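Here are my notes on the model, point by point. Please read them with the structure open.

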Amino acid sequence: MKPISSSRPVLLVLSLVALVSLPFWAPDEYKIHLATLIAAYWVLIGGLNLAVGYTGLLSIGHVGLFAIGAYAFAILAGTHDVHPYVALAAAGGIGGLCGLLLGLPSLRLPGFYFAMATMAFGMIVGELSLAFDGLTGGGAGISVPAFPAPFDKPATVFWLVLSLAAIVTVMTWNVARLMFGRSLVALRDSEVAAAAVGIPFYRTKLAVYSFSGVTAGVGGAVFASLQTYITPETFVFDLGMFFFICIIIGGRGSILGPLLGTIALTALPEVAAPLAKLGQFFYGIVLLLVVLLVPEGIGSVFHLFRKQPAKTKHVVKPELELLSTALRKGAAR
Amino acid sequence: MNARENTLRKDVSAALPAHVSKAAAAALSARDVTRSFGAVKAVDSVSLQLRPGEIHGLIGPNGSGKTTMLNLLCGFYPVTSGNIAIGSRDVTAATVQQRSAAGIARTFQKPRLLNSLSVLDNAMLGGWNSTRSGFLAAALATPRARRENADIRARAEEILCGVGLREVLDRPAGNLDHAEQRFLEIARSLVAQPSFLLLDEPAGGLTEHEIAQLAAVVGTVRNAGIGVLLVEHHTDFVFKICDRVTTLNLGATIKHGTPDEVRNDPEVIAVYLGA
């Protein structure tokens, strides 16, 4: 499970430098804001990627958890004057708790029904944010405070959100490269094999799903702060599909792929005005093209540049002495 | 639960690999196990005992219940009646995962591999039971999580080289040919450091040469003190390497004994081996 980024340290450092220095070379403030928005989305999508891309959980209703994080932050930091950083942490905690509560009944369901449950959850959150107008401002919405100085300028808030995105990326990369990541892919690709090696399905899925709830909550909080004003209209079901599509386009079982997917799908309609006019049609076309042409996702294109091992006929040649030593080591343990 | 399973495994391994004391070590035993699918009894009160350090063959015609028996032993199917135990510990109600932690590993008729992952990653998956660090420890890459990962990687590399896959460690498992996939599945189950290894038709689709190598690997596994259950159609292979053989027909045991006893049994010849 070697992520592409680890095999190219130079490229990784260059991209990091480019990212961190973005406020200095971006042509205008709007582009910085756009980059900040992408980073906020990635906080959620990075966590969701472990559930969708690695574990194969078809969660299409994450917009509900995103909205919960956003409203939690707005209500705590705005209405109740809680310090924004405390509110940010609380949004993550509440998001994680809601992810856990949603996962408890739904993660026992088979794939398709799980997807339906998460979709229903997303819709319910939308309706509740309308109904509880005392808390959320109902259809009129609620204003969201910005982060205090020094994170009150486009450049500094970008660095703040970029740091959060980096933390999520490193955490998911750690999970992916260690034993836990293998267990996730096993749950996705072969439940029989997963059971045979002892992986508990439900508990493992719950851990991953709760984590994706935390990142959704944090992502929703910073997103809300960037928007400065949120209404139930901000969190339409399409946004949940957008998160999901970013991962599918990027490719399953990869971190770089979905990251590129998120950047492309957020930036393209903003940078190229004609694409923006297409709206949902644009996402639909991109999804269709990727699913038909590169079903492994755009991340897989990078594999083409990697050296492929020569496919020579290999003959299995057991080294029995070595096998014997290895097995006896196990018995002595 | 883990503590108890650890003691159990230690009991087994303490007696290993000295063959003399194997009778004292815990065995995987099925007593009067029955499994019905509707009105059909796929397995009809079969008893068998798999001892550490022996190869136990399970043969019989198609539909005689061999694979069902294997699935009952490792918990993929619940038994309709009867019980299954490891030593004195009853595991009849234990899940597949609990039995895996208690030292039962298996392979499948059709290899179940994670095709997009490398050969090494697939083998490492077998080390799941020795992973103690959970999600958070992995996300933070704690020293323990990294050490466990490194230990399992080292063990997996050794075993992969041992079964003859040294040259393909980094290849995606999906690119392997059939024989390599079979050996990889065996490697994955050995990385789990099992006390019992259940092989479901491991020789299926292998050439004569590959079967000879499989026999060498299975023999080495036995000599390391692991109990091997061999469900197999390839009877030459079974009679050559097994210590004991059980023959099933229509879900019931018709003969149990040494390879020679079974091979010369008139009923076994009549229903399965042919003249």
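1. The sheet in chain B is open and has six strands, running in the order β6-β7-β8-β3-β9-β10 with mixed pairing. The edge positions belong to β6 (104–106) and β10 (252–257) of chain B; each has a single partner strand, so one side of each lacks a neighbour in the sheet. From one strand to the next the twist averages 20°. This is a predicted model, and the points below should be read as such.

2. Chain B is split into domain 1 (2–103 + 194–273) and domain 2 (116–180). Their C-alpha centres are 26 Å apart. Seven residues from domain 1 of chain B and five residues from domain 2 of chain B make up the contact. On the domain 1 side, α3 and α8 of chain B are the elements that give two or more residues, and α8(B) has the largest share, with three residues. By class, that side divides into three nonpolar, three polar and one charged.

3. What does each chain bring to the contact between chains A and B? The contact involves 58 residues of chain B and 41 residues of chain A. On the chain B side, at least two residues each come from α3 (96–101), α4 (119–125), α5 (135–139), α6 (143–163), α7 (178–191) and α8 (208–223). The largest share, 10 residues, is from α6(B). The chain B side has 30 nonpolar, 17 polar and 11 charged residues.

4. In chain A, the axes of helix α12 (residues 237–250) and helix α13 (residues 256–271) come within 7 Å and cross at roughly 125°. Because of that angle, α12(A) is oblique to α13(A). The crossing of the two helices is right-handed. Residues of α12(A) in the contact include A:Phe242, A:Ile245 and A:Ile249, while those of α13(A) include A:Leu259, A:Leu260 and A:Leu265. By class, the contact of α12(A) with α13(A) has nine nonpolar, four polar and no charged residues.

Technical notes. Residues are numbered from 1 along each chain as its sequence is written. Chains are lettered from A and ligands numbered from 1 in the order in which they are written. This is a predicted model: local features need pLDDT of at least 70, side-chain atom pairs count only at pLDDT 80 or more; totals for chains, interfaces and linings use all residues. Axes are lines fitted to C-alpha atoms, for helices over the stretch in contact, and angles run from 0 to 180 degrees between N-to-C directions. Helices (H or I, at least four residues) and strands (E, at least two) are DSSP runs, numbered from the N terminus. Angles under 35 degrees count as roughly parallel, over 145 as roughly antiparallel, 65 to 115 as roughly perpendicular and the rest as oblique. A crossing is left-handed if the near helix is turned anticlockwise from the far one by less than a right angle, and right-handed if clockwise. Two residues are in contact if their C-beta atoms, placed from the backbone, lie within 7 Å. Ala, Val, Leu, Ile, Met, Phe, Trp, Tyr, Cys and Pro count as nonpolar, Asp, Glu, Lys and Arg as charged, and the others, Gly among them, as polar. Two strands pair if DSSP finds at least two bridges between them. Domain bounds come from an automatic or database domain assignment.
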